[in-house]
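Hello,

Here is the structure I promised to pass on to you. Please have a look at it first, and then read my notes below.

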Amino acid sequence: MMDLIVNTAKTVAVTGHRVIYPDFDREKVEKLFNDLILKGFDTFLVGMALGFDTECFHILEKIRKEKQIKIIACIPCKTQSQKFTFKQKEEYDRMLSVADEKVFVSEEYSKSCMQKRNQFMVDRASVVVAYIKRDFGGTANTVKYATKNQVPIIEIN
């Protein structure tokens, strides 16, 4: 496991479901990220899961063409993409190749490695952007952890 040194005051963590619902508004997320950048945020921690994390990575890539921001891939374990389809793995590998930094939170897969990754991100951010549609699962646990640790949450639903 490698540590990551960031200016927490300027760092955003993103968390969200793997399933993107039909009412997902990509433009709303892009506007939110641009608003956060105007407020001085310049580092974005992305957990590299399918769904919301991937959407955020793509949006941030677009923004990065015009603004000075860093996208940091926070990878739960070295085998994260093992069960992805070929196309998903291809895109995952491409995203890793263009991330400004990569950090592996755990070497090996374990039942808790995703949760450790989520806590790792929250611990290094001063705001969490959460795409949350239900009150159970990894995203809900991340929001609860952020709340317990007094890290503000901006919900996208």
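**What I found**

Helix α4, residues 113-123, lies across β1 (11-16), β2 (43-46), β3 (70-75), β4 and β5, and it runs at about 150 degrees to β3. Please keep in mind that this is a predicted model.

Let me start with the sheet. Six strands make up an open sheet, and their order is β4-β3-β2-β1-β5-β6, with parallel pairing. The edges are held by β4 (101-104) and β6 (153-156); each has a single partner strand, so one side of each has no neighbour in the sheet. From one strand to the next, the twist averages 20 degrees.

Is Ile-156 buried or exposed? With a relative accessible area of 3%, Ile-156 is buried. Leaving aside residues up to four places away in sequence, Ile-156 touches Val-29, Leu-32, Val-129, Ala-130, Tyr-131 and Ile-132. Phe-57 is 99 residues from Ile-156 in sequence, and the C-alpha atoms of the two are 15 Å apart in space.

Now to the nonpolar cores. The largest has 31 residues, and the members that touch the most others are Phe-33, Met-48 and Val-129. At least two residues of this core come from each of β1, α1 (26-38), β2, α2 (52-64), β3, α3 (86-98) and β5. Which of these gives the most to the core? That is α2, with six residues.

Another core, of 20 residues, lies apart from the largest one; among its members are Cys-74, Met-121, Ile-132 and Val-151.

Last, the cysteines. How many disulfides does a search of the whole structure find? The search finds zero. For Cys-56, the closest cysteine sulfur is that of Cys-74, 13 Å away, which is too far for a bond. Both residues are buried: Cys-56 has 0% relative accessibility, and the relative accessible area of Cys-74 is 0% as well.

Happy browsing, and do write back with any questions.

Best wishes

Technical notes: Residues are numbered from 1 along each chain as its sequence is written. This is a predicted model: local features need pLDDT of at least 70, side-chain atom pairs count only at pLDDT 80 or more; totals for chains, interfaces and linings use all residues. Side-chain values use heavy atoms; hydrogens and water are left out. Two strands pair if DSSP finds at least two bridges between them. Helices (H or I, at least four residues) and strands (E, at least two) are DSSP runs, numbered from the N terminus. Axes are lines fitted to C-alpha atoms, for helices over the stretch in contact, and angles run from 0 to 180 degrees between N-to-C directions. Contact means heavy atoms within 4.5 Å. Buried means under 20% relative accessible area, exposed over 50%, partly exposed in between (1.4 Å probe, protein chains only). A nonpolar core is a set of buried Ala, Val, Leu, Ile, Met, Phe, Trp, Tyr and Cys residues joined through side-chain atoms within 4.5 Å. A disulfide is a pair of cysteine sulfur atoms within 2.5 Å.
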